[in-house]
Amino acid sequence: MIKKPLAIAVALLCIPSVVMASGTKLSVKGLAGKVEENVNVYLSSIPEKEYDTSLRFQARLERNITEALNALGYYHPQFDFQTSDKGDELIVTVTPGAAMLIHILDIKIDGEASQDPDFANLVKNSGLKVGERLNHGFYDQLKSGIRNLALQKGYFEGDFVVSRLEVSPTRNQANIHLHYDSGIRYHFGETTITGSQIREDRVRSLQPYETGEPYLVSEIGKYNQNLSNTDWFSSVFVEPDLSMLGEGRELPVKVSLAPQARNKLETGIGYSTDVGVRGSLKWKKPWLSSRGHSFDSSFSLSKPEQTITAGYRIPMADALNDYYRIQYGMKNVDNRDTKSLESNLALERHWTLDNGWHRTVFIRYLLENYEQGIQDDNAQFLMPGISFNRTRSRGGAMPTWGDKQSLTVEYGNAKALSETDVLRLIGGMSWIRSAGENHRGIFRIGGGANIVDDFDKLSPSLRFFAGGDNNLRGYGYESISPKDSSGALSGAKFVAVTSLEYNYRVVGNWWGAMFYDYGDAFNDTPDFKRGVGVGVRWASPVGPVRLDFAWGLDATPGDEFRIHFTLGPEL
């Protein structure tokens, strides 16, 4: 006599499997919410081409759905299979049955972690409660969460003494027993540095922890990142010396470094409708000596502008966030009604503050020979100043959230190597916000002011112009400013611009855009210009690519339409 389960199996093997055409559909009814989502996840492992209405396939579905339901605490599901009249659809109606409830929740944290609030919060927020439905995922997440938290906080010898999940289907009850003994929490011990060509005190200045502090893996990661950001080293590896476990509470840290190349060259080519094709060459010496000083230079060439700069950086006690910089630059401009050759020499002191702001105190000497409209002159300015800027973002090349703020104040005095008294204020703010995965909004506002005794003595690089790819779309690059008696652009005392843009994801990394720009560069009373348009955005591997079709609503008749193309970050 064949036992019943075996008989069923034999019967299934004997019935020929009727494989339907690829158009066979599957419908699962009777489920909702998280239960339905979990069942769909389990069923996604079955290729659609294998769908049919055979008893074998029905048994396969029943197994997969039962596993999905068990994971969420339903151990008594019932199934009803129906085939559509045409035979091309299998309809499964599922009744989950009574839920398995947690009867005993026995969770203990022993050792030094018993006094650690992070472990208490982890247990509290695990989702496991007496009288609530059993969720195997919550149980597994709690176990892995305890292990991960222990490793993150230096409880390296912790382990589960008891780890047991008991299920009684007949009673619809589950008992959870988790006993974790963390042992001691290790602290940071002595840090050993090898392979560094930079003085040890400079390297240690980037260390975010002190010897004797409780261990945190995030501090190890931060130290690793700080050393990498200096660009002094070609490889950086920071790790606790786990071979010393059990030899005392303090755990040594090993820092293994390899020097960066003495010289780095970088070339680039780009294009924007503002300046056309632009080529660049950068030469950098990441470290000049064991003190960590560095040198960088760059050369940029486009039709209207050519620039060369050179900078020397001197790190202070906090080598990454506190440093001096000496910079010299020359720029030649031949654009519209401006011809200028300027030289800038600046001494700067930089700080990166704990709140993320970057503060710079500087003094710069500007020497400029220029033609601006009917003016043909040269000028010098010695201007001390201060600037603040901060950029935050998340979400990759095209951030889903971000903001940028900047403010610069500088002053020149006619009695101290400046052509005229001038107070300059320049600032701007940008925000990026998203709604869901397919909608983004970008708002920008910026402005500048020259509070000056004699505007005619102000050189072109200190005057303001509006219009272009990143300023006021629908108008030519720096084509907006007051004009002199000859009708040539003369530059402005003030500038104010703003932009509102909406992006919609069309597919993948491609977005559509609509925008409205508003602004002017003026001396006394603004005559605000408006620009509107549509565009395409592509989150390319090298950064956002923007193509805009813009109309200047207040542009000269016949010159209202412009195409703007740019490659580069949005903040």
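Modeller: The answer below begins with the sheet, passes to the charged pairs, and ends with other parts of the chain. The model is predicted, with local features needing pLDDT of at least 70 and side-chain atom pairs counting only at pLDDT 80 or more, while totals for chains, interfaces and linings use all residues. Residues are numbered from 1 along each chain as its sequence is written, and side-chain values use heavy atoms, leaving out hydrogens and water.

The sheet is open and consists of three strands in the order β4-β6-β5, with mixed pairing. Its edge strands are β4 (101-110) and β5 (159-168), each of which pairs on one side only. Direction ignored, neighbouring strands of this sheet are turned by 0 degrees against each other on average; such angles run from 0 to 180 degrees between the N-to-C directions of axes, which are lines fitted to C-alpha atoms, for helices over the stretch in contact. Strands are DSSP runs of E with at least two residues, helices are runs of H or I with at least four, and both are numbered from the N terminus. Two strands pair if DSSP finds at least two bridges between them.

Strand β5 runs antiparallel to strand β6 (residues 173-181), and nine bridges join them. Opposite Val 167 stands Ala 174 in β6. Across β4, β5 and β6 lies helix α5 (residues 136-152), which runs at about 180 degrees to β5; contact here means heavy atoms within 4.5 Å.

Side chains of opposite charge can pair when their charged atoms come close. Lys 153 and Asp 116 form a salt bridge, with their closest N and O atoms 3.0 Å apart. This pair links distant parts of the chain, 37 residues apart: Lys 153 is in the loop between α5 and β5, and Asp 116 is in the loop between β4 and α4 (117-124). A salt bridge is a side-chain nitrogen of Lys or Arg within 4 Å of a carboxyl oxygen of Asp or Glu. Lys 153 counts as buried because its relative accessible area is 9%, and Asp 116 is buried because its relative accessibility is 7%. Buried means under 20% relative accessible area, exposed over 50%, and partly exposed in between (1.4 Å probe, protein chains only).

The structure holds 27 salt bridges. One of them joins Glu 50 to Arg 60, whose closest N and O atoms are 2.7 Å apart. Here too distant parts of the chain are linked: Glu 50 is in the loop between α2 (33-43) and α3 (55-71), and Arg 60 is in helix α3, ten residues apart. Glu 50 is partly exposed because its relative accessibility is 32%, and Arg 60 is partly exposed because its relative accessible area is 27%.

Over residues 26-96 the chain is 39% helix and 24% strand, with its end C-alpha atoms 18 Å apart.

Elsewhere, Lys 529 forms a salt bridge with Asp 520, their closest N and O atoms being 3.3 Å apart, and both Lys 529 and Asp 520 are buried. A network of salt bridges links Arg 473, Glu 501, Asp 517, Arg 537 and Asp 548.
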